[in-house]
Amino acid sequence: MANSNLPRRIIKETQRLLSEPAPGISASPSEDNMRYFNVMILGPTQSPYEGGVFKLELFLPEEYPMAAPKVRFLTKIYHPNIDKLGRICLDILKDKWSPALQIRTVLLSIQALLSAPNPDDPLSENIAKHWKTNETEAVETAKEWTRLYASGA
Amino acid sequence: MFGCIAVPRNFRLLEELERGEKGIGDGTVSYGMDDGDDIYMRSWTGTIIGPHNSVHEGRIYQLKLFCDKDYPEKPPSVRFHSRINLTCVNHETGVVEAKKFGMLANWQREYTMEDILTQLKKEMAAPYNRKLVQLPEGILFVEWD
């Protein structure tokens, strides 16, 4: 019912996400709301999140694509740019959003953020501090959290 | 078109959280999340400062709001933590009773926790409530859970 006016662009993007998923990323719309996606991102190899399966949720607001999708992690993750509620600090989700970007590019950027944490633009102050003062130990904690919370159960 | 796009529960609660953090209007109603680690954002504490021209004037009332998985399709459960004598509030538990509080009885998904608190503040100033005898400030309802 709420989906009858779904813009063509969203339909196209959804079809492509389902037919040609990006490696390590899956996104499928929820049955009762085609603007609400269940997302899984695999922790990139060579990152502290390797081996982890991270659940996220994504919502396309009414203004999309003039406004960015809303995305957050549902799986707990130790990362300087992600807070306790799974909110993500990423420029393209805020002021750097452009309608030329897509759901796919957003998810690829999040995957890239897992490979390259940026403690200089933190969302979680404590984690960023940990990262800057003792990166080896912070990475160990991130690996530990990946084992504990993202083992794909 | 307007209003036909339903913001899913979690994103709706994140919006409410951010609005609550910025501060609302004149500050006489406010709310925040109880457990910053709860990814599902279920438990909230609301605060109402009693309105002028009522026995509640200047008093600070704390409430507990619980947003279950079916929020905002269904209203949150709401109960006063601070003891209060109001027609819509259960005298023993502090629970705001839907059958005596229209906003909960006729709930619509557009309503927010802010709307509930604002409406309860209006209730306090309503003719049938504003002169009700109150216990001294600072007494709490007994918590059963």
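The model is predicted: local features need pLDDT of at least 70, side-chain atom pairs count only at pLDDT 80 or more, and totals for chains, interfaces and linings use all residues. Residues are numbered from 1 along each chain as its sequence is written, with chains lettered from A and ligands numbered from 1 in the order in which they are written.

Along its principal axes, the C-alpha trace of chain A spans about 50 × 35 × 25 Å. Chain A contains four helices and four strands. These are DSSP runs numbered from the N terminus, with helices (H or I) of at least four residues and strands (E) of at least two. The order from the N terminus is α-β-β-β-β-α-α-α. Of the 153 residues of chain A, 35% count as buried. A residue is buried if 20 or more other C-beta atoms lie within 10 Å of its own, exposed if 12 or fewer, and partly exposed in between; the C-beta atoms are placed from the backbone. Among contacts in chain A with a separation of 6 or more, 52% join residues 24 or more positions apart. Contact requires C-beta atoms, placed from the backbone, within 7 Å.

Helix 2 of chain A (103–115) has 13 residues. From first C-alpha to last, helix 2 of chain A reaches 19 Å, close to the 18 Å expected at 1.5 Å a residue. That expected span is 1.5 Å times one less than the number of residues. The buried residues of helix 2 of chain A are I103(A), V106(A), L107(A), I110(A), Q111(A), L113(A) and L114(A). Seen down the helix axis, they fall within an arc of 155 degrees, so they line one face of the helix. The arc is that of the directions from the helix axis to the C-beta atoms. These buried residues pack against helix 1 (8–19), strand 1 (25–30), strand 2, strand 3 and strand 4 of chain A.

The loop between strand 4 and helix 2 of chain A holds C89(A). In an unreviewed UniProt entry, C89(A) carries the annotation "active site". UniProt positions follow the numbering used here, feature names are shortened, and annotations may be inferred rather than shown by experiment. C89(A) is partly exposed, with 18 other C-beta atoms within 10 Å. Leaving out residues up to four places away in sequence, C89(A) touches N81(A), D121(A) and L123(A).

The contact between the chains takes 13 residues from chain A and eleven residues from chain B. On the side of chain A that touches chain B, strand 2 (33–42) and strand 3 are the elements that give two or more residues. Strand 2 of chain A supplies the largest share, three residues. By class, this side has five nonpolar, three polar and five charged residues. Ala, Val, Leu, Ile, Met, Phe, Trp, Tyr, Cys and Pro count as nonpolar, Asp, Glu, Lys and Arg as charged, and the others, Gly among them, as polar.

Backbone geometry was also examined. The peptide bond from Y64(A) to P65(A) is cis, with omega near 5 degrees. P65(A) sits in the loop between strand 3 (53–59) and strand 4 (70–73) of chain A. In chain B, the bond from Y71(B) to P72(B) is cis, with omega near -5 degrees. M41(B) is not a glycine, yet has a positive phi of about 50 degrees. M41(B) counts as buried, with 20 C-beta neighbours inside 10 Å.

Technical notes:
Contact = placed C-beta atoms within 7 Å.
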